[in-house]
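Subject: Structure for your review

Hello,

Here is the structure we spoke about, with its sequence. My notes come after it.

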Amino acid sequence: MTTPPISSEQSSFWPSIWTIMRKDLRIEQHTGQTVSVMVMFSLVTVIMFNFALGTNLGAARELSTGLLWATILLAGTLGLNRSLAIEQENQTFDALLIAPVHRNAIYLGKVFSISLFTLALEAILVVVFIVFFDKPFWRPPVLLVLAMGTFGYIAAGVLITSMSIQTRSRDVLLPVLLLPLSLPLVLPAAMAVSAYMFPQWPEWSEVQSAISLVLIYDLLMVTVGLFTYHYVVEA
Amino acid sequence: MELAKLNRNTRILNIAAIVVLAIALGMIFFYAPVEQTMGNVQRIFYFHVGSAWVGSLAFLVALVSGIMFLRKPSRKWDTTAVAAVEIGLVFLSMAIVSGSVWGKPAWNTWWLWSPRLTMVTIAWLAYAAYFMLRGAIDDEERRGRFSAVYVIISFVTIILTFVSIRILRDIHPVVFGGAMESAQGASEGLQEFSGLDSMKMVITLNVSVIAFTLVFGAWMLNRIRLQRLTDETQILKSRVAAQLQGEV
Amino acid sequence: MTMTILSAAALQISTDPNQFNNYLLLGYAAMWTIGMIYIISLALRQRNVRRDLDLMEQILQEDDQTER
């Protein structure tokens, strides 16, 4: 069913991850497809929501944290689809599988590279949100929660997307499968970020449980990913 | 196990489930004491907690089936997983609906986006999506494999449901592991019971949980048997199709 | 929020234990309905499969007979 990893794979585990990341980053550098699509989509989404909320600036500001996360989730599905579909279309993925690379190195490599793309998007979004909603998204704890949340989301995302692109429904199925699974992350993450949106910084005890939940989500998802990824990509 | 033994076990469990369910109902309405703060409507508690617990159990069974399938793919494990997820969703739906109906007199609202209720809804969505995933894959082996991975990752939502209700403050009473604490959870914030009354509630709750577990078992066997028959029919259908083609 | 509920609960201590019986009935009715829907779904699917199975067996039997 699966070929056990040969010993040369073990020693090159971390270098493999780095190689895969570099490959993805270089592709992105040359084509610029993934991040630009995510940014465009996000901007359109944010503007659309602003229209939906009408002239009620107060309401918009209240919802800004949730809106930020919702936008990240949706744009994330775009990034995941693009990044993994490119591999499949060009059959580079098959090449990757034939090479003596540990499956988990592929998994982590993809998780890290797509996380980087999403973080690049978030950097832009944070600026946009500060401007549109006049809320302190620049605060370091907020950025930390965004980074942690993104990593966990993409960890689950790579696993799910690797499955969805092999089905009949492809792109359409991804949000249906991934978004419910991402909500246990977004709930506490949004709570944590919201706590920092006031002039007064919150006490650690107030945000402790929310941030712990984000961390637990990250750990659980990466663990599940590491254990099950090679079952998803085997030919 | 072969079909004859499956049929017999199914019949036994069906009867056992009905009997214990009847006993549980009797206890719920005649043996359990009247709750002082809210009155008789509190009796929903017994079925509500029962279905919530057994629903989680069902998803645990699905998780185990998924893991077993990945270790050694076989139709048996795939079928068990499908049955467990399907039945788990039914129990979860019962828990959500009963909770909502109880919530109206208790909290004066049909629904509340509290962490626990939100997480339970998320779990429901995740497991409902399981069937969309299966529907999108034609190859049997791949379908079994992906389904197994998906039940494993979906179980994270169940784990997080339990973890988040411990960590986050919530309006929903916290129900710990044992039935004793469950009864305490029920009486917490509601009223003080004398020791005897609490005991009655505990016993009634335990019987309800046992009843639901038997229902779970009965439904599992029924569903697995249904799948076996369906698979058998599929095989015959292809044989018939082949024969008809041969004749043409 | 908790205070409101506790005080509401406290105010109700001396009132009728049967006041919410409608909800009790509704709750159990809803749970039973969901359960019954599932049981009926199982039964229907079982009946259909049995029918298909018998039909297939019948066809195959006839085929065997005509061949002889």
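Confidence

This is a predicted model. For the complex, the predictor gives an ipTM of 0.88 and a pTM of 0.86. Chain A has a mean pLDDT of 89, with 95% of its residues at 70 or more. In chain B the average is 85, and 88% of the residues score at least 70. For chain C the mean is 82, and 76% of its residues reach 70 or more.

Within chain A, confidence is lowest in helix α1 (residues 7–11), at a mean of 58, and highest in helix α7 (residues 140–164), at 96. Over residues 175–194 of chain B, pLDDT stays under 50. The model has 33 contacts beyond four places in sequence for that stretch.

Chain A with chain B

This contact takes 25 residues from chain A and 27 residues from chain B. On the side of chain A that touches chain B, α7, α8 (173–195) and α9 each supply at least two residues. The most comes from α9(A), which gives 11 residues to that side.

Helix α9(A) packs against helix α5 (residues 140–167) of chain B at an angle of about 165°, with the axes 10 Å apart. The two helices are therefore roughly antiparallel, as angles over 145 degrees count as such. Their crossing is right-handed. From α9(A), the residues that make the contact include A:S209, A:L213, A:I216, A:Y217, A:L220, A:V224 and A:Y231. From α5(B), they include B:R145, B:F146, B:V149, B:I152, B:V156, B:L160 and B:I167.

Helix α9 (residues 204–233) of chain A also has a kink of about 45°, centred on A:F227. How does its length compare with what its residues should span? At 1.5 Å a residue, the 30 residues of the helix should span 44 Å, and the end C-alpha atoms are 41 Å apart, which agrees.

Chain C with chain B

Here the contact takes 34 residues from chain C and 36 residues from chain B. On the side of chain C that touches chain B, the elements that give two or more residues are α1 (2–12) and α2 of chain C. The largest share of that side, 23 residues, comes from α2(C).

Helix α3 (residues 75–107) of chain B and helix α2 (residues 21–67) of chain C pack with their axes 9 Å apart, at an angle of about 165°. That angle makes α3(B) roughly antiparallel to α2(C). The crossing of α3(B) past α2(C) is right-handed. Among the residues of α3(B) that meet α2(C) are B:V90, B:M94, B:V97, B:V101, B:W102 and B:P105. The residues they meet in α2(C) include C:Y23, C:L26, C:G27, C:A30, C:I34 and C:Y38.

Within chain A

The axes of helix α6 (residues 103–133) of chain A and α7(A) come within 9 Å and cross at roughly 135°. At that angle α6(A) is oblique to α7(A). Helix α6(A) passes α7(A) in a right-handed crossing. On the α6(A) side, the residues include A:Y107, A:V111, A:I114, A:T118 and A:E122. On the α7(A) side, they include A:L146, A:T150, A:F151, A:I154 and A:V158. Helix α7(A) is also the element of chain A in which confidence is highest.

Regards

Technical notes
Residues are numbered from 1 along each chain as its sequence is written. Chains are lettered from A and ligands numbered from 1 in the order in which they are written. This is a predicted model: local features need pLDDT of at least 70, side-chain atom pairs count only at pLDDT 80 or more; totals for chains, interfaces and linings use all residues. pLDDT is the predictor's confidence in each residue, from 0 to 100. Helices (H or I, at least four residues) and strands (E, at least two) are DSSP runs, numbered from the N terminus. The expected span of a helix is 1.5 Å times one less than its number of residues. The bend at a residue is the angle between axes fitted to the seven residues ending there and the seven starting there. Two residues are in contact if their C-beta atoms, placed from the backbone, lie within 7 Å. Axes are lines fitted to C-alpha atoms, for helices over the stretch in contact, and angles run from 0 to 180 degrees between N-to-C directions. Angles under 35 degrees count as roughly parallel, over 145 as roughly antiparallel, 65 to 115 as roughly perpendicular and the rest as oblique. A crossing is left-handed if the near helix is turned anticlockwise from the far one by less than a right angle, and right-handed if clockwise.
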